[in-house]
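Please open the model in your viewer and keep the sequence panel beside it. The stops below move from the whole chain to single residues.

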Amino acid sequence: MIMTWVAAAAASSSASASTSLITSLKFSSKSQRCSRSSCPGFHVLCRSGSFSASSSNSIGSHLKFSLHDALDSSGIQTSHAREAREGFCSQIEKLSDIERETSISINRYVDLGKTALYIAAEDDSLVSHSSVPLPVDAFIDRLDDLSMCFCSHYSSSFRWSPENFFNSLESYLYDKKGFRRSSVDYQLEPRALYLHSVLTHRSGSTAMLSLIYSEILKMLRLWGLLDFDVEIFVPHDLQSLPRGYHKHKSKESDRAHIMTSQALLVEMLRNLKDAFWPFQHDNTASLFLRAARAANCVARPNLNENSGFQIASAKAAQHRLERGVWTSVCFGDMRRALAACERLILLQTDAKELRDYSILLYHCGFFERSMEYLKLHQESESSSPQKPSLDSMSRLEEDATEKLKVRLNLIAMEEGWSRPSFSRNFLGNSSEPW
């Protein structure tokens, strides 16, 4: 039994006891990860680039995505990307309404670590075109090894007070193992947004560090080593690290720093969406408005109000887009931006994701599919009980949405829904085209 091994390890400091503990926990971690039950409620089925969803707030069914099919038509194999997407769907289908609002530190049904690795595996396949998939199970083992290594070196901490336990865990994670917040802009260091890279390079976003912290706590709880309720304080500033605290001693102000399972997945995907959005200039505007401006669906700002750098960046981005070069270090990656949008739509958290996906499809030349998602967005917005925002940004977005709809209707009348030409088929380009 696990507790027998733990008791033996706590009572003895010999190397043989530590070895026995690690062996037992390795066996236990694999069996417990494989035996987790699913939770009914939210069902997602991914098949050949499409999905059907059913829940109380379903935004549609039998929606079809374009990314994988477009890559296949370009002669790029997507079998590994599709398998990773299937794995992602197999996890989020366990997200019941209750599970979505469950703190990541006590989540029991969705394997958030494996979900993050499926996201990484799909994106890795999209950009590397490797014949070998990202080894998800190997990185799961590496994640479990963090928990087992902590147990082998800090077994006495389980007899300490909760505060001293957290101090030892954070000393292990941030000092001994060297995990730290990424100090570089995400678009310049995207590896900070992928779990496998963070496990390798020890530098990551707040979401990634919070996930690793919670995964260690989860394994300790599964092994029966924690007898008190734990919560993670997720910082909102740019320097602080995620920290644990005793839930029974929490304050009302701590609630704003609790990350739920849904919030974690949304933050991970939106970080990727922000980092790889192909229109990186004009950071004062929303992602949608940047893409709409590139499509001439938004009036150009007064050039006298823009810096020379912004003007040069906008012209450079537009020139690259016109040449069909959609991926570079500083100008995003359309494939990974599309993938992030599709996964956000699968999560069904915000109807604006339909609109953002639509504008990307427009730039790809998939006009009919773009219109489908634009209509779904407008239908969802019109049926929402929430009143639309009246701020200037929202009004600009609504105006751009209507202009995009008019543009798509004109294309349908004048040209029909023709397939995109080769010059617009950016999907096969290298991530570093120069």
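Among contacts in the protein chain between residues at least 6 apart in sequence, what percentage join residues at least 24 apart? The figure is 69%, where contact means heavy atoms within 4.5 Å. Before going further, note that this is a predicted model, in which local features need pLDDT of at least 70 and side-chain atom pairs count only at pLDDT 80 or more, while totals for chains, interfaces and linings use all residues. Residues are numbered from 1 along each chain as its sequence is written, and side-chain values use heavy atoms, with hydrogens and water left out.

**The whole chain.** Show the cartoon: the protein chain has 17 helices and seven strands, taken as DSSP runs (H or I of at least four residues for helices, E of at least two for strands) and numbered from the N terminus. Of its 434 residues, 53% are buried, a term that stands for under 20% relative accessible area, with exposed meaning over 50% and partly exposed in between (1.4 Å probe, protein chains only). Switch to the surface, and the accessible area comes to about 20000 Å², 52% of it belonging to carbon and sulfur atoms; the areas come from the Shrake-Rupley method with a 1.4 Å probe.

**The nonpolar core.** Select Phe165, Ile212 and Leu220 next, the residues with the most contacts inside the largest nonpolar core, which has 110 residues. Such a core is a set of buried Ala, Val, Leu, Ile, Met, Phe, Trp, Tyr and Cys residues joined through side-chain atoms within 4.5 Å. Centre on Leu220 and, leaving out residues up to four places away in sequence, you will find it touching Phe150, Cys151, Phe158, Phe165, Leu225 and Leu226.

**Salt bridges.** There are 19 salt bridges in the model, each a side-chain nitrogen of Lys or Arg within 4 Å of a carboxyl oxygen of Asp or Glu. Select Glu342 and Arg85, which form one with their closest N and O atoms 2.9 Å apart. Because Glu342 lies in helix α14 (residues 334-347) and Arg85 in helix α4 (residues 79-92), the pair ties together parts that are 257 residues apart in sequence; both residues are buried. Then move to Arg355 and Glu397, whose closest N and O atoms are 3.3 Å apart in their salt bridge. This pair links distant parts of the chain, with Arg355 in helix α15 (residues 352-364) and Glu397 in helix α17, 42 residues apart, and both of its members are buried.

**Phe288.** Staying with Arg355 and Glu397, select Phe288, which contacts both of them as well as Trp277, Asp356, Ile359, Ala400 and Thr401, its neighbours within four places in sequence being left aside. Phe288 belongs to helix α12 (residues 287-294) and is buried, at 1% relative accessible area. From Phe288 to Thr401 the C-alpha distance is 9.2 Å, although 113 residues separate them in sequence.

**Out to the surface.** Follow helix α17 (residues 392-414) to Met413, which is exposed at 65% relative accessible area. With Val406 and Leu410, Met413 makes a nonpolar surface patch of about 300 Å²; patches of this kind take residues with over 30% relative accessible area and no salt bridge, nonpolar side chains (Val, Leu, Ile, Met, Phe, Trp, Tyr) being joined within 5 Å and like charges within 9 Å.
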